[in-house]
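Here is a friendly walk through one protein model, from its overall build down to single residues. Have the viewer open as you read.

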Amino acid sequence: MTVDLSHAVNYHYGAFPPQSFDTAQVLGPLLDATDALARYDQMLKGMHNSEILLAPLRGQEALASSRMEGTFSTLEEVLELESEADPDLSATDEYRSEAVETYLYGRALRLARQAMEDGQPLSKSLIKQMHQLLLSFARGQTKTPGQFKTEQNYIGTRGSPAISFVPISPEQLESGMDQWLGFAENTEWPALLRVAISHLEFEALHPFKDGNGRVGRMLVTLLLWQLGSISKPHFYISRFFEEHKADYIHHMRRVSSSGEWERWCVFFLEAVKEQAFQNLQVAESTRQLYEEMKGRFAELLNSAKAVTALDYIFTNPVFRNSRFTQHAGIPRHTAARFSRILLEQRLLVPVREASGRQSAIYRFEPLLELVRI
């Protein structure tokens, strides 16, 4: 297909990082976003087990970020794949390719988190590893996973020859990525502004043949963590970007066409603030449900292991029964009794019945009702 560049905006050569920046325009939103993010982070620190919140939030992030690229699945599908110790991704008759691609988003983010916890810096090499895993299945396998682009790529509407944006040329990409990494370490800029500008710049560089949007949104979480804005890499922003996709694209284009870095930063900071509030609401609702279920589990299960079972099920709201009986820290016969009781009470709902050597998969319906998007 011949591309139409007549209305395209070109990459802002020589304009990153911004040489002039009106801090006064962003000061109010910066303070608001910093405060909201700190409240969210403090909430996570105050939870006795923050993992009870993170499985649903990670699932929501993967769904929203993937939907922005036209890949649609459900939270149950993603959590079901996560419930497997080592899911057979080639079993396309069992798992839809869209669900696998969404699942790989979370898996790539966990890969990067573990690497950084082990002391590996955020680098071009690690970003390539994330990309390679993200595009390791189905249609992604043909998009040179783990390799920077070697040909000029374009951004436009799928199926249309009209191009809206021309990213940096492949000849200048390596130096552009080096400059991008260096900017994250520039302490003259407040951390949240560095993340805002870095996210825009990564999308404008568009270093890969495909998957740039998803990798770029993962990097928001990792940069917030690396720069100390959050204590753990557990803040997810894609839901706001999906809900305001037209504004997201508009403000990005205006940076390259008109140098409007400040307006982009205000939009990004608003996203951080609103997503922090949304996450806090989900956390509070989850905490209330947890407290309610703690009493319910104690009454139904009549065991000192009731809270242990509750924590496992909140952390793994979709799980294979064999993994529950083996890894929940509960004697196997006790765990089996717990499963039977919770099924009878309809707190657990079968996702897949037991078949052959495969045990049943259950979902914890009260929590999923709370967090579905």
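## Ground rules

Helices (H or I, at least four residues) and strands (E, at least two) are DSSP runs, numbered from the N terminus. This is a predicted model, in which local features need pLDDT of at least 70 and side-chain atom pairs count only at pLDDT 80 or more, while totals for chains, interfaces and linings use all residues. Residues are numbered from 1 along each chain as its sequence is written, and side-chain values use heavy atoms, with hydrogens and water left out.

## Overall build

By that DSSP rule, the protein has 15 helices and 6 strands. Its C-alpha atoms fill a box of roughly 65 × 45 × 35 Å along the principal axes. The radius of gyration is taken over C-alpha atoms, and the globule rule is 2.2 Å times the number of residues to the power 0.38. For 373 residues a compact globule would come out near 21 Å, and the protein has 22 Å, which agrees.

Buried residues make up 54% of the 373; here buried means under 20% relative accessible area, exposed over 50%, and partly exposed in between (1.4 Å probe, protein chains only). Counting a contact as heavy atoms within 4.5 Å, residues 24 or more positions apart account for 69% of the contacts with a separation of 6 or more.

## Surface and charge

The protein exposes about 16,700 Å², and carbon and sulfur atoms supply 47% of it. Accessible areas come from the Shrake-Rupley method with a 1.4 Å probe; for residues, only the protein chains shown count as cover.

For the charges, Lys and Arg count as positive and Asp and Glu as negative, with His and the chain ends not counted. Each charge is placed at NZ of Lys, CZ of Arg, CG of Asp or CD of Glu. On that basis there are 39 positive and 46 negative charges, and their mean positions are 5 Å apart.

## Aromatic pairs

Rings of Phe, Tyr and Trp (its six-membered ring) pair if their centres lie within 6.5 Å; planes under 30 degrees apart count as stacked, over 60 as edge-to-face and the rest as tilted. The count by this rule is 22 aromatic pairs. One of them joins phenylalanine 21 and tryptophan 189, edge-to-face, at 5.1 Å centre to centre and 75 degrees between the planes. Phenylalanine 21 lies in the loop between strand 1 (9-10) and helix 1 (23-46), and tryptophan 189 in the loop between helix 6 (173-184) and helix 7 (191-205), so this pair ties together parts 168 residues apart in sequence. Both residues are buried.

Tryptophan 264 and phenylalanine 267 have ring centres 5.8 Å apart and planes at 40 degrees, so their pair is tilted. These two are 3 residues apart in helix 11 (residues 261-301), which puts about one helical turn between them.

Asparagine 279 sits in helix 11 and counts as buried at 3% relative accessibility. Apart from neighbours within four places in sequence, asparagine 279 is in contact with Tyr40, Leu57, Phe235 and Tyr236. Lysine 273 lies in helix 11 as well. At 18% relative accessibility, lysine 273 counts as buried, and beyond residues up to four places away it touches Asp32, Ala33 and Ala36.

Leucine 342 belongs to helix 14 (residues 332-344) and is buried, with a relative accessible area of 0%. Leaving out residues up to four places away in sequence, leucine 342 touches Phe297, Leu301, Ile313, Leu347 and Leu348. The C-alpha atoms of leucine 342 and leucine 300 are separated by 8.1 Å, although these residues are 42 apart along the chain.

## Backbone details to inspect

Most residues other than glycine have a negative phi, and most peptide bonds are trans. Where does this model depart from that pattern? The peptide bond from phenylalanine 16 to proline 17 is cis, with omega near -5 degrees, and proline 17 lies in the loop between strand 1 and helix 1.

Histidine 206 has a positive phi of about 45 degrees; it is found in the loop between helix 7 and helix 8 (212-226) and counts as buried at 14% relative accessibility. Asparagine 302 has a positive phi too, near 50 degrees. Asparagine 302 is placed in the loop between helix 11 and helix 12 (306-315), and at 66% relative accessibility it counts as exposed.
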